[in-house]
Amino acid sequence: MASLLSILLFINIIIVSLFSALPHAVKLPFRPKDVLPLLPRHVSWPILNSLHSAVDLLPTFVGAASSSSPNNTLEWKGACFYNNTAWMEFHNKTGSQFGGGTLHIKVDKAHSWTCMDLYVFATPYRVSWDYYFLSREHTFEFKEWEGKAEFEYVKNRGVSIFLMQAGMVGTLQALWDVFPLFTNTGWGENSNLGFLEKHMGASFTQRPQPWVTNISVDDIHSGDFLAISKIRGRWGGFETLEKWVSGSYAGHTAVCLKDSEEKLWVGESGHENEKGEDIIAVLPWEEWWDFELNKDDSNPHIALLPLHPDTRAKFNETAAWEYARSMDGKPYGYHNMIFSWIDTIDQNYPPPLDSHLVASVMTVWNQIQPEYAANMWNEALNKRLGTEGLSLPDVLVETEKRGSSFDELLTIPEQDDWLYNDGKSTSCVAFILEMYKEAGLFDPIASSIQVTEFTIKDAYMLNFFDNNSSRLPQWCNDGDNVKLPFCQIRGKYRMELPGYNSMEPYAHMNERCPSLPPKYSRPQNC
């Protein structure tokens, strides 16, 4: 079968050579990647894998099509068709109060006879899709607007158009690449590692055994930080995407606490209770550690980051315990989870992500699971507008009315004292840093720090941790020929935390920071 591929490629080269000798450019009948899916899997998929990746599932915003005046015609280059235009025609074929509209899309100059372009169309009230195979004018009907708000929005802002840059074949291949990220298999684990290596520049060097450390709890103290990286299963896939957009080399966190009897506990936002709910919990060390060793099927890699002796001396253990007990049993902080990542209008979105795509994803979720959407972002967006109870479409319309934009709205910093319908909202890392705040570690600038703006990377970059390897416990990294500046206590692969323990806190820290891969560079005092 490999010879068949060689023949097809050879034929294509001949055609290119012949057509390039003609006086006028002629459209090629096919390109190799257009026919690869027709070949046997063991031949075609390795080549397709080199052409596409999971990121190709993300559509690219090409613009918004509004009224049909010459100045409002949208033009762009597609993946298949290189010359495309679009405009919006309003009509009232149904006789309703606000009517509907026709989206006109004219596609031309395809690069081959076998390609096609796949598009997503979105307003705050709906998301649809279509694909085009022939060079001509196509139409997409919006039979009737949802109401005045959608009519006014489309009239003023247009219908957002997104292109699947990889085309139909690439998108299907990308779906196949994304699927294993969330599977609890060796295939899934390798897919997660491969994604992080390709898109973040991460490395996964195998450590010498044993991969689990024989820990002495006497050497662990209140405030010591636990950085956790899951690399397979549902949470492994989720964390992989979270790491990619934020630049964090860990995807979950927890914190250690000792009581007056020197018993060790773990505080964790994101613990799954018996009902399957993610909550904040304070658990005995033995229970937490047993779960990570024997029941967590995500193959967690765990590092203990001991506080510096000077930081530990400042740590108000009584205040930390009071805060932990006040939060015990409360829901995980979904409300503000995405807002710690988005600080800027266009410097936090790995291509092809952007605020238009975020709004469209939110729109989809708002239709499929409105309660989930309200919990994830609706209430937080209302906080930023100073409103209450607005749905996502209403939020978008209200933002436009105020002369602002959705990308600007997303960048408004979260405030630690905002109260949501279920109380304060703290993600895994915000829970720990709010504890640090209560315990005095951010003094004297605590009032100028919003810990809900910190990502996991921002947390482990704080210069709160021990910088003298001689003070680390004797069992720390025992048996490893590479001495890390922290203690890796579980995991086959050596953990890396770029920028670890390097940044002194400052006022309004992490409120305006970019985070673009693969370098994730940040300016000073952002």
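**Note on a pocket and the aromatic contacts**

1. The second largest pocket has a volume of about 600 Å³. A pocket here is an open set of points on a 1 Å grid over the protein atoms alone, where a 1.4 Å probe fits, with protein on both sides within 12 Å along at least five of seven lines. Grid points are joined across faces, edges and corners, and the volume is the space filled by probe spheres set on them.

2. The model is predicted: local features need pLDDT of at least 70 and side-chain atom pairs count only at pLDDT 80 or more, while totals for chains, interfaces and linings use all residues. Residues are numbered from 1 along each chain as its sequence is written, and side-chain values use heavy atoms, with hydrogens and water left out.

3. The lining of the second largest pocket comprises 29 residues (those with an atom within 4 Å of a point), and Lys230, Trp235, Gly270, Glu272 and Phe291 lie nearest its centre. Two or more lining residues come from each of α7 (233-246), β11 (264-272), β12 (278-284) and α8 (285-294). Helices (H or I, at least four residues) and strands (E, at least two) are DSSP runs numbered from the N terminus. The largest share, six residues, is contributed by α7.

4. By class, this lining holds nine nonpolar, six polar and 14 charged residues. Asp, Glu, Lys and Arg count as charged; Ala, Val, Leu, Ile, Met, Phe, Trp, Tyr, Cys and Pro as nonpolar; and the others, Gly among them, as polar.

5. Trp76 and Tyr119 form an edge-to-face pair, 5.8 Å centre to centre with 80 degrees between the planes. Because Trp76 lies in strand β2 (residues 74-76) and Tyr119 in strand β5 (residues 117-123), the pair ties together parts 43 residues apart in sequence. Trp76, at 9% relative accessibility, counts as buried (under 20% relative accessible area, with a 1.4 Å probe and protein chains only; exposed is over 50%, partly exposed in between). Tyr119 is buried at 0%.

6. Ring pairs link Trp76 and Tyr119 into a cluster with Phe90, Phe98, Phe121, Tyr132, Phe140, Phe142, Trp145 and Phe151.

7. The charged end of Lys77 sits over the ring of Tyr82, 4.4 Å from its centre (NZ of Lys or CZ of Arg within 6 Å of the ring centre and within 35 degrees of the ring normal).

Key: Phe/Tyr/Trp six-rings, centres within 6.5 Å; stacked < 30°, edge-to-face > 60°.
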